[in-house]
Amino acid sequence: MAFVVVLMGCNARIPNNVTPDEDAVYSEWMKGYFSKSAPSNLYVGSRTFVFDPLSSSGCGNALHGKAGVPWSLIKQLNALGEAEFRLAVDSPGTSLYIPWNYRVVDDWRLAPEQPGSYRLITFSRVAFDHGHSKALFAFSDTCGGDCGHGGPIYAHKNKGAWVFENGAGCVWHY
């Protein structure tokens, strides 16, 4: 029985709610992503989107082979299936810790109508290793209805700070 309990502990699962650790990863990624030019009129999606690295368009093999992403992180995101989760950034005591004002929106149609006048960032869930020193997630950046792109991000901690790498060249454009 003890052996079964130990084995169950080896298979990390993403919890049923977005955690403060995920908010911290999103926050640190955004600080780096917008480090060259601060966003004006920034929106953040209120729900995560589905990112399954093992789907036909998910780049799971490239993430593992080229970027060195552990299979355990890839499988955690795959195990979520089609589930979306509400971010807690608009709940008391929680937020994205970024130096810019932002507004949380449920849908891109709630952002301004004028093309090019805003940035809407949405995230997938974050899969962590057991030590929370490695992470995998995906982002989407809609630039005012004129453009957009996204892709997986592999992160690891170096001296306590998150370092972000684009996921093996797997990107999408719209």
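**Note on the predicted model: pocket lining, disulfides and salt bridges**

1. By class, the lining of the second largest pocket comprises eight nonpolar, six polar and one charged residues. The model under discussion is predicted. The space in this pocket comes to about 190 Å³.

2. Of the 15 residues that line the second largest pocket, Trp-29, Tyr-33, Phe-139, Ile-153 and Asn-166 lie nearest its centre. At least two lining residues come from each of α2 (20-33), β6 (147-158) and β7 (161-166). Strand β6 supplies the largest share, five residues.

3. Helix α2 also holds Glu-22. The relative accessibility of Glu-22 is 1%, so this residue counts as buried. Its contacts, leaving aside neighbours within four places in sequence, are Asn-17, Arg-125, Val-126 and Phe-128.

4. The disulfide count is two. With the bonded cysteines of the chain numbered in sequence order, the pairing reads 1-4, 2-3.

5. Cys-59 sits in the loop between β1 (42-45) and α3 (60-65), and Cys-170 in the loop between β7 and β8 (172-173), so the pair ties together parts 111 residues apart in sequence. The torsion about the S-S bond of Cys-59 and Cys-170 is about -120 degrees, which means that the disulfide is left-handed. Cys-59 is partly exposed at a relative accessible area of 27%, whereas Cys-170 is buried at 7%.

6. The other disulfide joins Cys-143 and Cys-147, whose sulfur atoms are 2.0 Å apart. This disulfide is left-handed because the torsion about its S-S bond is about -135 degrees. Cys-143 is buried, its relative accessible area being 13%. Cys-147, at 33% relative accessibility, counts as partly exposed.

7. Side chains of opposite charge can pair when their charged atoms come close. The salt bridge count for this model is five.

8. Arg-47 and Glu-84 meet through their side chains in a salt bridge, at 3.8 Å from N to O. Distant parts of the chain are linked by this pair, since Arg-47 is in the loop between β1 and α3 and Glu-84 in the loop between α4 (71-79) and β2 (102-105), 37 residues apart. Arg-47 has a relative accessible area of 36% and is partly exposed. Glu-84 counts as partly exposed as well, at 42% relative accessibility.

9. A salt bridge also forms between Asp-106 and Arg-86, with the closest N and O atoms 3.3 Å apart. Here too the pair links distant parts of the chain: Asp-106 is in the loop between β2 and β3 (119-123), Arg-86 in the loop between α4 and β2, and they are 20 residues apart. Asp-106 counts as exposed at 53% relative accessibility, while Arg-86 is partly exposed, with a relative accessible area of 42%.

10. Between Asp-141 and Arg-119 there is a salt bridge whose closest N and O atoms are 2.4 Å apart. Asp-141 belongs to strand β5 (residues 134-143) and Arg-119 to strand β3, so the pair ties together parts 22 residues apart in sequence. Asp-141 is buried, with a relative accessible area of 0%. Arg-119, by contrast, counts as partly exposed at 24% relative accessibility.

Methods: Residues are numbered from 1 along each chain as its sequence is written. This is a predicted model: local features need pLDDT of at least 70, side-chain atom pairs count only at pLDDT 80 or more; totals for chains, interfaces and linings use all residues. Side-chain values use heavy atoms; hydrogens and water are left out. On a 1 Å grid over the protein atoms alone, a cavity is a set of points where a 1.4 Å probe fits but cannot get out, and a pocket is an open set with protein on both sides within 12 Å along at least five of seven lines; lining residues have an atom within 4 Å of a point. Grid points are joined across faces, edges and corners, and a volume is the space filled by probe spheres set on the points. Helices (H or I, at least four residues) and strands (E, at least two) are DSSP runs, numbered from the N terminus. Ala, Val, Leu, Ile, Met, Phe, Trp, Tyr, Cys and Pro count as nonpolar, Asp, Glu, Lys and Arg as charged, and the others, Gly among them, as polar. Buried means under 20% relative accessible area, exposed over 50%, partly exposed in between (1.4 Å probe, protein chains only). Contact means heavy atoms within 4.5 Å. A disulfide is a pair of cysteine sulfur atoms within 2.5 Å. A salt bridge is a side-chain nitrogen of Lys or Arg within 4 Å of a carboxyl oxygen of Asp or Glu.
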